[in-house]
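Here is a short briefing on one protein model. Look at the structure first, then work through the points.

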Amino acid sequence: MSSRAWGLLVVLSGAVFLEGIDVAMLAVAVPTVRAELGLTTAAAAWVMSAYVLGYAGFTLLGGRAADLLGRRRMFLGWLTVFLLFSGLGALADDGPTLVLARFATGVAAAFMTPAALSIITTSYPEGPQRDKALLVFAGVAGGGFSLGLVAGGLLTQLGWRWVFIAPVLFAAVLLAAAVRLVPKDERAPAPRRGGFDLAGALAAAGTMLLLAYGVVRLEHGLDGWALTLAVFAAGSALAAVFVRVERRAAAPLVRLGLLRTPSVVRADLGALLFVGAFFGFQFVATLYLQELRGWSSLHTALALLVMGIDAVLAPTLTPRLVARYGNAKVVLGGFLAALAAYVLFLPVGPDWSYAAMFPTLLLTGLAFSLAYGPLTIAGTDGVAEDEQGLAGGLLTTATQFGSAIGIAAVTAVYGLAGGGLTGFRAALVVPVAMAAAGALVAVAALRARRREPAEPAREVLV
């Protein structure tokens, strides 16, 4: 790739790194924020949940907006919004302001991230060059979260507001570089008969918000189950309305045929299960180290840092494995590595040494490097250029719902099991089950691939 192509990739990967590090740093800082601002437990939980709602609720719309309104415009505009509301978070002196800042930041990420992904898939030619770009993008995303845990621990020592100030500074640098490096759209989006599908946009956003809120409420277990069911029922009803609107729209927001494409469905389902298992395990491991073992947030972050090995392996080892064995086999290997990692942690004891935990943490990072990038390739491969934003939005939606489901499920199981060491062991069954289900999806994808004519250039997960 040329130096300009590498520069563009650095900027786009920097954006997804910013999103990952932002979430991870706040996860470490929330206890300090709660103490200094005098927040209730519920208010502190909403500081995290508001971001999830904003992100998951608008990602599908954000992906399609990149296709219709211009990828460069969406990326630069929403990166600016991300910067501004991160700054608002740094200035917040009360819970409502902080929750508003996090929700708006999540919405900004919902538009920014699919735009970045679609810029990659339309700026680099399909084949080895695009694959390498996507694998770098995915590896940096995982590395951002892992390094964010450490950065959050360090910055919280200086003061929790630095957890918001650092993303502002980083976003400002990215924005300055992006103005120069992100290419202009080759053509303005073509006029669409029937105008913009406003009804579809509202129905899509409402559906995703309700379903995301329902997932967040799963953390409460059986407490308030009637409201949780009502939220899911409302979300399902609005989803039916969305489908009806899209079928009748002259210019639908989402072409429903893409949602029925087997390769896209398998890739998105695989991403949901893999990310859900990963974040569910990471959440349990963090609670185990901090609450049961009494480790500090910084010591916990340093212990989990080995999982960030994917930032090194994804752009170096994974492309070679994909070139030799194909996407489908590499993804399956990633799921099997994840399954082995989580199973090894099941018998966790009250005084396990770090040496006993290390194999699981290392395998988890290896699994991420093997599975996440190839799943990103699979979720966008073969999709028409004018739907790359939508494909990226679907993939990002799947990963966001996966992370929310994984964390909510382990939290609910932990509570139902009575907490303590017994609760941790019970909660670990969730990532094991999700990884096992994902391995079955990968096997199905591999079988489907074998039934199709081989491509001379490369093998993809379809």
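Glu 387 is buried, with a relative accessible area of 7%. Buried means under 20% relative accessible area, exposed over 50%, and partly exposed in between (1.4 Å probe, protein chains only). The model is predicted: local features need pLDDT of at least 70, side-chain atom pairs count only at pLDDT 80 or more, and totals for chains, interfaces and linings use all residues. Residues are numbered from 1 along each chain as its sequence is written, and side-chain values use heavy atoms, without hydrogens and water.

**Salt bridges**

- A salt bridge puts a side-chain nitrogen of Lys or Arg within 4 Å of a carboxyl oxygen of Asp or Glu.
- The whole structure holds five salt bridges.
- Glu 387 forms one with Arg 255; their closest N and O atoms are 2.8 Å apart.
- Glu 387 lies in the loop between H14 and H15, and Arg 255 in the loop between H8 and H9, so the pair ties together parts 132 residues apart in sequence.
- Arg 255 counts as partly exposed, at 40% relative accessibility.
- Arg 102 pairs with Asp 22, with the closest N and O atoms 2.9 Å apart.
- Arg 102 and Asp 22 are both buried.

**Helix H14**

- Helices are DSSP runs (H or I, at least four residues), numbered from the N terminus.
- H14 covers residues 354-380, and its end C-alpha atoms are 39 Å apart.
- Of its 27 residues, 19 are buried, so H14 is largely enclosed by the rest of the structure.
- Just after H14, Gly 382 takes a positive phi of about 80 degrees.

Note on methods
Helices (H or I, at least four residues) and strands (E, at least two) are DSSP runs, numbered from the N terminus. The expected span of a helix is 1.5 Å times one less than its number of residues.
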